[in-house]
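I opened this notebook to record what I looked up in the structure. The entries begin with the core and then turn to one helix pair and the whole chain.

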Amino acid sequence: MKILFLLLFTFFLPSLFSYVENTSLNFNKALKFYKSGQYDKSTFFIKKNISKRKSHLPSLKLLSKIYIKKEKYSKALKIYHSIIRTIHYPIVLNLKSQKTLENDLKNIPKPTPKAQDIYYLIAKTYWISSKSKLYSKKVKRLNLIRSLRYFQICNFYKIKPKLTNFHLAIIRKKLGNSDLSEINLSHYSKLIKNDQKKKMDSEKAKILLGNIYLDSGQYKKGLLISNSFRKKGSPQFSKS
């Protein structure tokens, strides 16, 4: 039996190495064309990979990036959701409620690092699509709420906490929830306190906080932040 196994293993080993080599070669070509903006050529080599192995994660993620570049957000999201269903768990989102998903998430196994990465990409894609001119106001708002839900998932699992809290603050302000937006900004400020690379983002956070104060009627606090930026010659407060 062992001899038979060794014979079979020896027979299939070269074809296995050949498959791995071809997959890697196709992906590298696809990545090269993607970086140069030749998305159709990149897609050609990606599809060569996934035609043989539909679960090749790097190829699927790269194809989603191409769809996002082409503003085909629904196609990108379809791929991301199919990956999540395969490697983690299909979370049912209640879009009518802005409450957290903690109770639901406590009963679900913690996602692997690969799944965590996909959750963040889903949240970011919904966020980008919520600003697209391709959709109606109703669809953009729905995508904004979906983005909120997935960033809440990221927040629960501590996935990219700095970026997650910053996006949650912006989204909640847009949805009119200034109190929670302020809480997320507070968390974000603590996370980047000693991060020199995030100095510009820190200023954006302060501008956003000033807008939150103004929107919620706390004019003295809002104007105090606004005046401090005017003295520095920094960008004015955004209306969004």
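Predicted model: local features only at pLDDT ≥ 70, side-chain atom pairs only at ≥ 80, totals over all residues.

Entry 1, the core. I looked up the largest nonpolar core and found 50 residues, of which Ile118, Tyr119, Ile122, Tyr150 and Ile153 touch the most other members. Such a core is a set of buried Ala, Val, Leu, Ile, Met, Phe, Trp, Tyr and Cys residues joined through side-chain atoms within 4.5 Å; buried means under 20% relative accessible area, with a 1.4 Å probe and protein chains only. I noted that H6 (113-129) is among the helices that each supply at least two residues, and that the largest share, nine residues, comes from H6.

Residues are numbered from 1 along each chain as its sequence is written, and side-chain values use heavy atoms, leaving out hydrogens and water.

I counted 11 helices and zero strands in the protein chain; helices are DSSP runs of H or I with at least four residues, and strands are E runs of at least two. Of its 240 residues, 40% count as buried.
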